Every structure is written in structure tokens, then in C-alpha cells.
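Trainee: I have a model on screen. Please show me how to read it.

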Amino acid sequence: MPSFLLNGQHISHEEDSDMPLMWYLRDIAGLTGTKYGCGVGQCSACTVHVNDMNMQSCQVRLGDIEDGAKVTTIEGLARGDMEHKLQKAWGDYNVPQCGYCQAGQIMTAAALLEQNANPSEQEIDEAMWGNICRCGTYQRIKQAIKAVVDGEVS
């Protein structure tokens, strides 16, 4: 029976290996923070981390997840009741409008900061490039990320 760590919890499943990870997360695990956007890997609304790497969960099949892999969703980014710094910055900078893409945006930003704790503005732009926001909050997203980088968010 395939298994992986989902937000730190050991999960064993018997679902079809062709099931997209996103549907497993939303419909089986009940983790609805991961959003269905375009369904073709173009908007990144469904971004999660698999072994600390950004993955568009609509494009990852359960069969692609190696036994013992670590899967983190927006629900798993926080530490207990403590919001992740990016989640706090998102609120401080009033980033969300409709909010639909925000989980994917935050997950992409978190992966960037894990790999590069002090990215330049160009590196932020490059990392966030594939995340589409229909409300156009790109400048506030960048401000929130910079605030975390600059230590303005505790």
C-alpha cells in the first residue's frame, strides 16, 4: 500500500495511482486549501511541496509520489497555531483579494525562501512568474515576500 507524509502525518492510501494529487488532497484528505485553477498546470493555484519542491498538484498523479515522500500543503505550512511568516505578511500587506490563487502563491514563495533566504527582486519575480493572479495583486505579493526577507515580519 503506497504511503507518504502529508503535512507530517503518515498516510497510506488505496486510491487509483492515476488520481491527481490535488483531488486526493481536496476530496479524500479534506485539505481544501489547495485550489483547482486551470487543471493543466498553467496557473499554479494548486501548488504544493513534494519533498520541499514546488509541484502543481493537478499535474502530479498519486502514483508519482514515492513511498515515504513528504507532501506539504498550505495547511501544513503553519506550525500549529503559528502562521508561517509568509501567511502573516500576506495579511499585513493585504495581499488577498478574491484569495483564490493565494495558497499557491504562498507555497511558491515559501519554496523560494527555503532555497534562497535573501532573494533579489529579480529572483522573486522569476520564482513567482508561473503563479497567475486574476486580481493582479502582484505588487503586494512582492512587498509581502520582501518584508519577510527584510525581517519586517516576525
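Mentor: Start with the count: the protein chain has 6 helices and 5 strands. Both are DSSP runs numbered from the N terminus, with at least four residues of H or I for helices and at least two of E for strands. This is a predicted model, where local features need pLDDT of at least 70, side-chain atom pairs count only at pLDDT 80 or more, and totals for chains, interfaces and linings use all residues. Residues are numbered from 1 along each chain as its sequence is written, and side-chain values use heavy atoms, without hydrogens and water.

Trainee: What pattern does the protein chain follow along the sequence?

Mentor: The order is β-β-α-β-β-β-α-α-α-α-α. With a radius of gyration of 15 Å, close to the 15 Å that the globule rule gives for 154 residues, the protein chain is as compact as a globular protein of that length. That radius is taken over C-alpha atoms; the rule is 2.2 Å times the number of residues to the power 0.38.

Trainee: How do I read strand pairing?

Mentor: Two strands pair if DSSP finds at least two bridges between them. Here S1 (residues 3-6) and S2 (residues 9-12) run antiparallel, joined by 4 bridges. Phenylalanine 4 has isoleucine 11 in S2 as its bridge partner.

Trainee: How many residues lie between the strands of that hairpin?

Mentor: There are 2, and asparagine 7 takes a positive phi near 50 degrees.

Trainee: In which sense do S1 and S5 pair?

Mentor: Parallel, over 2 bridges, with S5 covering residues 70-72. Leucine 6 stands opposite valine 71 in S5.
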